Amino acid sequence: MNAPLAYFNGRLVPFSEAALSLHDAGFVSGATVVDNARTFRHKLFRWADHLARFRRDCVACYVPLGSTDEQLTAAAHELVAHNAKLLPPGGELQLVTFATPGPLGFYLGEPQNGPPTLGMVTYPLPFARYRTFFTEGVRLGAVANVWSAPNGVVPPAVKHRSRMAWHVADNQARALAGSTALALAVENEYLTETSVANILIVRDGGVVSPPPGTVLDGISLKVTRELCCAVGVPYTEAPVHHRDAAHGSEFLLAGTGFCLAAARELFGGAVCASRTFEPFGPVLAKLLAAWSDLVGVDVARSFTDARA
């Protein structure tokens, strides 16, 4: 078959046939737990970590997950192996795994909900989307109180598909800082994360990241923490007040699609002070080299040289 496949409720099906019903809780309520992994050389990177987080988040969000880790792993590898054959030279995939509570019975006049919905889809890694991260650096626009209920029932560490807050925040950031800007969420005067990445501030040669439990439990953040230890860069987990940004030399972003990059400008507006950073500083260079050694690919060059 020369068309991409998807995994949907236990079967590999043509991508064009995989769809949520209009009465699925994932559509009606946005009740979707999600994971986004990527490949290097067409092999999933840190899949075990992604799967463990996905299963944990399903439990936290009361989304049943009947498949075993072995079943999900087999499906993921089979799906990636097929869809990777359709990529152009140098292409890579991102794998999205999602689960919902399933159809809502009352929409159909039925007494019960479910069964749960489980799926996996891939899409070509969008090298063009992240190219400027490595040629120019990222522009950030500070947005206050992105989460209306930061201490609510959904833990900040959970990865889910309810993205309305980020949709609004990123548009506010673009109005403040330009069409390519990302929103930097500032909650109660503390810097937290962006819509596509965890953040790290470089200060006095070391790296500081918001503590676990207050931000998304990022797999790329976990890798960055490990690489800091490996190359001798001090790593600290502590709340990052917006005033701390004024004392940082580099402002790093860790995300699945691009691995590790840096901001060059922070537009604070009424939220915090604006400032510029070194977008290609020594700490980023050291950590990107370690990332590249780990995955066997020159990470930055894979984006700057990509034709897509």
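User: What does Phe8 stand opposite in β6?
Analyst: Gly119 is the residue opposite Phe8 there. Bear in mind that this is a predicted model.

User: How many bridges join β1 to β6?
Analyst: Two bridges join them, and the two strands run antiparallel.

User: And β1 with β2, how many bridges there?
Analyst: Four bridges, again in the antiparallel sense. Within that pairing, Tyr7 stands opposite Leu12 in β2, and Ala6 stands opposite Val13 in β2.

User: What about the hairpin of β1 and β2, which residue takes a positive phi?
Analyst: That's Asn9, with phi near 50°. The hairpin has two residues between the strands.

User: Ok, zooming out. What's the strand order in the open sheet?
Analyst: The order is β2-β1-β6-β5-β3-β4, so six strands in an open sheet with antiparallel pairing. β2 (11-14) and β4 (43-44) are the edge strands; each has a single partner strand, so one side of each is left without a neighbour in the sheet.

User: Which helix packs on that sheet, α3 or something else?
Analyst: It's α3, which touches β1 (5-8), β2, β3 (33-40), β4, β5 and β6. The direction of α3 makes about 30° with that of β6.

User: How many bridges are there between β5 and β6?
Analyst: Eight, with β5 (residues 93-100) and β6 (residues 117-124) pairing in the antiparallel sense. One of the bridge pairs is Val96 with Val121 in β6.

User: What does Thr97 touch?
Analyst: Leaving out residues up to four places away in sequence, Thr97 touches Val33, Val34, Asp35, Trp47, Phe54, Gly119 and Met120. Gly119 is also the residue opposite Phe8.

User: Switching to helices. How do α2 and α3 cross?
Analyst: The axes of α2 (residues 47-60) and α3 (residues 69-84) come within 11 Å and cross at roughly 130°. The two helices are therefore oblique to each other. The crossing is right-handed.

User: Which residues meet in that contact?
Analyst: From α2 you have Trp47, Leu51 and Arg55, and they meet Asp69, Leu72, Thr73 and Ala76 in α3.

User: Last one, where is Val223, and is it buried or exposed?
Analyst: Val223 is in helix α6 (residues 219-231). Val223 is buried, with a relative accessible area of 1%.

User: Which residues is Val223 in contact with?
Analyst: Leaving aside neighbours within four places in sequence, Val223 is in contact with Phe45, Arg46, Trp291 and Leu294.

User: How far apart are Val223 and Trp291?
Analyst: They are 68 residues apart in sequence, and 8.4 Å apart in space, C-alpha to C-alpha.

Conventions
Residues are numbered from 1 along each chain as its sequence is written. This is a predicted model: local features need pLDDT of at least 70, side-chain atom pairs count only at pLDDT 80 or more; totals for chains, interfaces and linings use all residues. Side-chain values use heavy atoms; hydrogens and water are left out. Axes are lines fitted to C-alpha atoms, for helices over the stretch in contact, and angles run from 0 to 180 degrees between N-to-C directions. Angles under 35 degrees count as roughly parallel, over 145 as roughly antiparallel, 65 to 115 as roughly perpendicular and the rest as oblique. A crossing is left-handed if the near helix is turned anticlockwise from the far one by less than a right angle, and right-handed if clockwise. Contact means heavy atoms within 4.5 Å. Two strands pair if DSSP finds at least two bridges between them. Buried means under 20% relative accessible area, exposed over 50%, partly exposed in between (1.4 Å probe, protein chains only).
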